[in-house]
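Please examine the sequence and the structure shown below.

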Amino acid sequence: MSISKTYQPKQAEDKWYSYWLQHKFFRSVPDEREPYTIVIPPPNVTGVLHMGHMLNNTIQDVLIRRARMKGKNACWVPGTDHASIATEAKVVAMLKERGISKKDLSRSEFLSYAWEWKEKYGGIILEQLKKLGASCDWDRTRFTMDDDLSDAVIDTFIHLYKKGLIYRGVRMVNWDPQGKTAVSDEEVIRKEVNQKLYYIRYAVAQGSQISDQRSEKSDFGHPPSDFLTIATTRPETIMADTAICINPDDQRYKHLHGKKAMIPLIGREIPIILDEYVEMDFGTGCLKVTPAHDLNDYELGLKHHLPVIDILNDDGTLNENAQILMGEDRFIARKKIVLLLDEEGALEKVEDYKSQIGFSERTDAVIEPKLSMQWFCKMEEMAKPALDYVLKGDIKLIPDKFINTYRHWMENVHDWTISRQLWWGQQIPAWYLPDGQFVIAKNREEAFEQAQPLSTQHSPLTIDDLTQDQDVLDTWFSSWLWPISVFDGFKDPNNDDINYYYPTNDLVTAPEILFFWVARMIMAGHEFRGELPFRNVYLTGIVRDKQGRKMSKSLGNSPDPLELIEKYGADGVRVGMLLSSPAGNDLMFDESHCEQGRNFFNKVWNAFRLVKGWRVDKNLENPNKVAIAWFKSRFSQALAEIENNFSQYRISEALMATYKLVWDDFCAWYLEMIKPAYEHPIDRETYENTIVFFENVLKILHPFMPFITEELWHDEVFGERTEVDCCIVASMPEIEQINTQLLEETEIVKQAITDIRNTRNNKQISPKEALALSVKANSGINYNQYRSIIGKLGNLSAFNIVDEKVSGAVSFMVSKDEFFIPLTGNIDPVAETERLNKEKEYLHGFLKSVEVKLGNERFMKNAKPEIIENELKKKADAETKLKIIQDNLASLAD
RNA sequence: GGGAGUUUAGCUCAGCUGGUUCAGAGCAUCUGCCUUACAAGCAGAGGGUCACUGGUUCGAACCCAGUAACUCCCA
């Protein structure tokens, strides 16, 4: 069987992915092996694969494949999230395109459109993950609105309600006027925005005696006692003002105590109240208090028992309470009211002003603080044990710098707004009686039973008198159950799956959703199973572009992952994603990383072509015993390093260690050491060892580059393979004995070879021209062992081990050993002397610093013995080298 | 405004308990090679006042304090 000159990723990827599926290698069922479990952070059904997913899922797949090869029962559970706001927005947009308005649809009509949309597009992202090579157990695919998962949501709602952890109340919430729903604090993105600060005059009256200045503009505003000035960024809300507040200590406004002010344009009278909350040096020191439209004002209003006047409709337009500009959008109203105020002479000035404004994560609309009736979940009680898991180290956050952030959040946790004014999602199981009382029940029948005794009506209550709450639950209210619900832990709390797979092992996710999701899963795990949901949380970074900007669709700076796969192969992209992404650090994505990944698999492919081309001659002796022994040791050494990196979740470092082992040690050194001359056969022993090494190389590469490794695994050079003898389920090589002396000596040999090549470079001698080399071994290394390696890689015609210096030769020193290349015609004694003098100078300086250290009484007294010993050794080594150099200088002078 | 983090080669990052004259890797750069596995390559090389200022120590990239710049979270 011949092998093509280059690797064809696309073909191999399709072939092996379906082969793996067909042979159910991703499938996991409980057995006697140790489980290793990851639940996927379910991507939104509306999602298309972006670079963040690529990074996240590559890491998960590396972990899963590695665990599988280490003999664990590896289970990666995939699925999608119903993402209520995002999906509902998508469906509304789709309907709009078809000329249908949501208003004209009943709830069930709308939902049937939504499900239709979900069936059509909801699976796209999972299909895309397959292209990446994700080895999920697809038979276990779940969706957060599957019947069982929805049941779990409703049951937990009821459970928490009964426990007193869920309540209903009027609160100030973040209102998204575009999505027309409340959103949680975590879904509000704050951005700094250039705004205007408007200074507006309010007339002041004695008690309730307000003069009719309103009609006489000329009188307005001259004597300071006649008006006060407030500063606001939101002039359109003045109609909702219910007080003016000043600091009681503010000397400027003592005269206003106990008086009243009048709102311009509408002439409503409001009290002037005193509170230390007001900062005297911000704005004018007079604060307009608008309880309905500002959180702080709302709290101030509660304290001072102020009325609440809400002037906004759900869509952000002004309502009849505003008295003026009714029906206008809040931003248009702002512009118009400024003109009106100016006309009336109530606008003093306008300044530029920068401040933070909240935007909806989902719709990007400016968030409006709004009072509304919502459902809440109490967090404090559940946060406590969830915090302890992390503080005690039962759950590890990687990197651990996130522990602080986590603690800070958990200690200051506030109640969670769980209702959303949407249709797509789990409808809140609250049922209202005609008189406004409500019961919490799983369905209408149960609700009716509970409701009957409560009824205050004269006529008997009928089941149809009940109406269910129109709102649905926050998406995260289903996501937080994910690690339990994917194993049916609610429906059947003692089933084999949940008992076997739960708690899961690792969770790989973005730090942005540490609180949204991770913290709440920990709470849910404790609340509903009395156990943590996972042991390690690997927090990835954000994928950014070269300029450090977050990759996003709107910026258009994100490459299409599928195109990248097309261009560099899935293996190339996987390696590219991992090359530079330590946990918790943002990843500056650069396509050149993928190129590096592609070059890497190309290297592996070509190395394979070399080995595959060899012909074995059984009669040959093995001349490569040292090379083989060296690579064995080196492989184990690297394996230990890789192992150690993985144990600390340093995945990019594990990849780099693998990369260097394969490229440098295996290809550049080992294969070059043993490579037979062109068209010459190889001995059997070397060949067989090399085949085993290659197989081991494929194994350690597999988690990073699953496709090419599987492709090569099945080549005939490895002998017959059964149908299920695949790289994906091969067992990882184990660490064997490491011969440290051999490794150290080989490093010296490699350095000597480099120096030979260097000499060639400097003297412009072709690599093809064989050279003679002599070594005076002062270190005790037996160079006979390395004769063939040095001879081959250095292209030597002779290699002599000598006891005396060779005069008239180019020389170099590695460790303590001296090497000589007789190149009489080529030596420049002046340059050589200069070089040696430089070396001498350096060693003198070095020696001096060591001697100073050793002569320092306090060093000798305080330093650890092994450090002193090391310094003594350094001294001795330097002295030996110095002596050699001096000898060389002397012989040059002859 | 409060809290956290970062700052080491042109770029991306290592540097674990302070101890090889002030330091490593990959990529990029430069020089020479189309040497029948690989130019997506081979062989070499250069490149750093470890952000700044002080302190602790026999000894600091590492510990402490302050300064600056950037990033993130919360208000």
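Which element gives the most to the surface near RNA strand B? It is α17, with nine residues. The model is predicted: local features need pLDDT of at least 70, side-chain atom pairs count only at pLDDT 80 or more, and totals for chains, interfaces and linings use all residues. Residues are numbered from 1 along each chain as its sequence is written, chains are lettered from A and ligands numbered from 1 in the order in which they are written, and side-chain values use heavy atoms, with hydrogens and water left out.

A residue is near a strand if one of its heavy atoms lies within 4 Å of it. Around RNA strand B there are 43 such residues, of which Ser580, Gln596, Lys603, Tyr842 and Phe846 come nearest. Of the RNA atoms within 4 Å of the protein, 60% belong to sugar and phosphate.

A polar side-chain atom of arginine 858 lies 2.8 Å from a phosphate oxygen of RNA strand B, and one of asparagine 599 lies 3.1 Å from a sugar or linking oxygen. Phenylalanine 846 places a backbone N or O atom 3.5 Å from a base nitrogen of RNA strand B.

Two helices may now be considered together. Helix α19 (residues 651-674) packs against helix α22 (residues 740-763) at an angle of about 85°, and their axes (lines fitted to C-alpha atoms over the stretch in contact) are 13 Å apart. The two helices are therefore roughly perpendicular, a term for angles of 65 to 115 degrees.

Key
Axes fitted to C-alpha atoms, helices over the stretch in contact; angles between N-to-C directions. Helix = DSSP H or I, 4+ residues; strand = E, 2+ residues; numbered from the N terminus. Parallel < 35°, antiparallel > 145°, perpendicular 65-115°, else oblique. Polar contact = N/O pair within 3.5 Å; in protein donor to acceptor, adjacent residues only side chain to side chain.
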